[in-house]
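We will go stop by stop.

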Amino acid sequence: MTIGIEDQLDDSKPVDERNLESQDPASVLSKRQRKKLLKMEKWEQRKKEKRQKEKEKLKAKRLQAIQQGLPTRTGPSRKELKRRKTNNTGLSKPSIEVAVDLSFDQLMIDKDVAKCVKQLLRMYTLNRRSESPLALHFTGIRPGGAVEKHLTRNDGYQHWDVRFSDAHFTKLYEREKLVYLTSESDNLLERLESGCVYVIGGLVDHNQHKGHCYQLAQEYGIRHARLPLSEHLVIKTRTILTINQVFEILLNVHLGKDWQQTLLEVLPARKGAIARMNDEYPATTSAVEQKPSS
């Protein structure tokens with residue numbers, strides 16, 4: 001059988017190239033997409049290798065400490081962390097709860113979603129290592145959405161001592177218990193109320209959607225409040241807080257610290273915050289609602 005010149009040229013092409021031509025053009029990735037995919041695969045591989053090296057380094061450090069008769073632990077033991085976790089989930093009714101509203105996929109670019117999830121990880125770590133962890137709930141996670149995709153990059157995140165839900169927080173709690181924290185609110189959060197659920201907006205947008213969470217709180221017909229920053233501090237820069245910073249403030253106040261001490265500890269030094277001397281809002285005022293004695 002005579003083979004034409006055109007057929008010979010086709011057969012001379014590499015197998016991979018011929019396979020690409022036989023595929024549907026829509027399913028073939030562009031050069032830029034292939035580069036991005038390759039970069040992501042390399043990043044994932046480097047992350048695994050880095051984690052392995054860190055584990056080996058910690059193991060070697062621990063072995064060296066044992067040989068020298070030095071203490072091998074600086075934080076709570078696994079047994080202690082497990083006890084705290086059990087106590088957190090076993091409480092019949094925690095004093096307060098914190099819910100993070102993660103229904104903002106469409107308002108964030110992928111880079112900002114990654115930052116948002118990183119802040120969630122910091123929240124979980126802070127809560128896990130706290131002497132008195134708060135009940136923590138991540139709500140409004142769209143199945144297959146950007147937040148869920150970035151969460152899955154953290155191995156074992158499903159086992160965190162956190163409630164995950166795709167339902168909106170207004171469907172999970174009684175509205176009269178909800179308090180949405182937003183800097184645009186005229187209502188000052190002076191103390192934490194027992195039985196309340198404090199909602200933090202999981203929106204990282206560099207202030208592009210200013211006032212969005214405040215508008216949502218009004219639309220939902222729920223209470224809203226702002227943290228008492230200007231009442232306790234003098235700050236000359238912008239006072240935009242990250243999700244984990246807002247949570248850390250609530251956690252510390254829940255532990256019994258006053259607002260001023262907490263705010264000074266949590267806000268980064270670059271903010272240049274200093275204590276405000278104010279008789280109306282003294283630093284020693286209790287920031288937690290006192291339960292009436294029986």
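The tour below goes from the whole chain to the sheet, its helices and a few side chains.

**Before you click.** This is a predicted model, in which local features need pLDDT of at least 70 and side-chain atom pairs count only at pLDDT 80 or more, while totals for chains, interfaces and linings use all residues. Residues are numbered from 1 along each chain as its sequence is written, and side-chain values use heavy atoms, with hydrogens and water left out.

**Whole chain.** Colour by secondary structure: the chain has eleven helices and eight strands (DSSP runs, H or I of at least four residues for helices and E of at least two for strands, numbered from the N terminus). Of the 294 residues, 35% are buried, meaning under 20% relative accessible area with a 1.4 Å probe, protein chains only.

**The sheet.** Six of them form an open sheet with parallel pairing, in the order β3-β2-β1-β5-β4-β6; two strands pair if DSSP finds at least two bridges between them. Which strands stand at the edges? They are β3 (163–164) and β6 (223–225), each with a single partner strand, so one side of each has no neighbour in the sheet. Select 178–181 next: this is β4, which pairs with β6 in the parallel sense over three bridges. Leu181 stands opposite Ala225 in β6.

**Helices across the sheet.** Select 110–128 for α5, which lies across β1 (97–101) and β2 (135–139) and runs at about 165° to β2. Then select 212–220: α8 lies across β4, β5 (197–201) and β6, at about 155° to β6. Angles run from 0 to 180 degrees between N-to-C directions, with axes fitted to C-alpha atoms, for helices over the stretch in contact (heavy atoms within 4.5 Å).

**Helix α11.** Go to 259–266 and show side chains. Trp259, Gln260, Thr262, Leu263 and Val266 are buried here. Look down the axis of α11: these buried residues fall within an arc of 165°, so they line one face of the helix. The arc is that of the directions from the helix axis to the C-beta atoms. Their cover includes α9 (229–232), β7 (233–234), α10 (243–254) and β8 (274–275). At the start of α11, find Asp258, where a side-chain oxygen comes within 3.2 Å of the backbone nitrogen of Gln260.

**Last stop, Lys47.** Select Lys47 in helix α3 (residues 31–67). Is Lys47 buried or exposed? Lys47 is buried, with a relative accessible area of 19%. A polar atom of the Lys47 side chain lies 3.1 Å from the backbone oxygen of Arg153.

Terms used:
Buried means under 20% relative accessible area, exposed over 50%, partly exposed in between (1.4 Å probe, protein chains only). A polar contact is a pair of N or O atoms within 3.5 Å; within protein, one must be able to donate a hydrogen and the other to accept it, and residues adjacent in sequence count only if both atoms are side-chain atoms.
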